[in-house]
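Let's take a friendly walk through the disulfides of this protein chain. Have the model open as you read.

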Amino acid sequence: MLELQHQVLPFFFFFFFISGHGLANSDLPLFREAPAFRNGRDCRKTAWSSLEQSHNPAIIHIAMTLDDTYLRGSVAGVFSVLQHASCPENIVFHFIATNRRASELRSIIGNTFPYLNFHLYHFDTNLVKGKISSSIRRALDQPLNYARIYLADLLPVSVRRIIYFDSDLIVVDDVSKLWNIDLGRRVLGAPEYCHANFTNYFTSRFWSNPAFAASFRGRKPCYFNTGVMVIDLWKWRKGRYTERLENWMRIRKRHRIYELGSLPPFLLVFAGNVEGVEHRWNQHGLGGDNLEGRCRILYPGPVSLLHWSGKGKPWLRIDSKRPCPLDLLWTPYDLFKHPSFFSDI
């Protein structure tokens with residue numbers, strides 16, 4: 001009888017394990033549980049509820065999207081933020097997901113980060129399906145890529161300020177430094193790159209139309225990457241910026257004035273009116289060029305955030321055993337349970 005138990009119990013444990021964690025019924029990745037991150041001595045202990053009506057300046061709000069394609073990157077991003085934060089218990093994550101697999105995604109985040117204060121919001125893809133058309137890369141056409149436009153509508157009104165992060169980045173500095181930047185009278189803050197050829201982000205049809213080209217009159221527009229933004233949601237709501245962005249999306253649908261997904265509408269509305277943030281907060285382009293995903297190197301200077309924007313994602317290159325050198329900086333934040341884990345059970 002004892003011998004039989006030794007044969008049956010491991011099988012029972014394995015069946016229970018994979019069923020409880022979704023492997024038997026889901027192709028979503030599994031993750032190791034992250035450790036608990038606690039506030040430092042100088043942190044003001046506080047809590048936040050979505051029912052609050054007033055702004056709490058001690059709470060840091062971060063928004064990210066969640067889907068099955070980029071889930072591994074999202075988990076690494078959250079882990080990196082918590083690991084380097086001086087007051088991790090004061091951080092609230094706001095995840096945006098479509099109805100597809102939302103309950104599974106919520107469960108995975110909860111199991112991976114048991115101590116995390118997070119909320120998940122449903123993004124109705126019908127809001128954008130009639131306003132977007134194909135771009136240079138299929139990933140840019142996904143409705144969830146446009147969710148950042150609707151943060152002011154999705155989040156509670158008590159959230160006055162939000163940091164928006166893409167799902168292909170890691171933070172290697174205290175996120176409170178980014179949170180506390182002074183936006184002044186601006187609605188949005190982000191690292192700007194004024195040496196970039198701004199005309200490349202729009203088609204000749206845009207520049208040849210006097211009415212479209214005149215939209216930048218009186219401004220000195222610079223490129224900024226929308227994967228890292230600090231947004232004053234109160235000012236956004238007051239200025240009805242969602243409607244402004246949607247208007248350009250409708251124009252693009254008719255006239256095809258740009259090819260780069262959700263980025264150009266932000267440039268059209270905000271470029272030349274962005275509060276500049278240090279470049280260290282978005283070392284972007286590490287995914288390589290959009291056509292071949294070639295490896296990139298870091299720009300000179302200090303680094304607080306590494307961003308694999310572009311075609312190549314670190315987890316895909318690592319799994320294919322063809323990582324770029326900088327992908328190894330992402331690896332320590334990868335909580336993914338590799339298949340070899342199960343061979344050891």
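Cys222 is buried, at 9% relative accessible area (buried is under 20%, exposed over 50% and partly exposed in between, with a 1.4 Å probe and protein chains only). Its partner is Cys194, with the two sulfur atoms 1.9 Å apart in a disulfide (a pair of cysteine sulfur atoms within 2.5 Å). Cys194 counts as exposed, at 52% relative accessibility. The torsion about the S-S bond of Cys194 and Cys222 is about 100 degrees, so this disulfide is right-handed.

A word on the model: it is predicted, so local features need pLDDT of at least 70 and side-chain atom pairs count only at pLDDT 80 or more, while totals for chains, interfaces and linings use all residues. Residues are numbered from 1 along each chain as its sequence is written, and side-chain values use heavy atoms, with hydrogens and water left out.

By the sulfur distance rule, there are three disulfides. Another one joins Cys43 to Cys87, S to S 2.0 Å. Its S-S torsion is about -95 degrees, so the link is left-handed. Cys43 counts as buried at 16% relative accessibility, whereas Cys87 is partly exposed at 21%.

Cys295 and Cys324 also form a disulfide, their sulfur atoms 1.9 Å apart. This link is left-handed, with -85 degrees about the S-S bond. Cys324 is buried at 3% relative accessible area, and Cys295 is partly exposed at 45% relative accessibility.

Finally, how are the bonded cysteines paired when numbered in sequence order? The pairing is 1-2, 3-4, 5-6.
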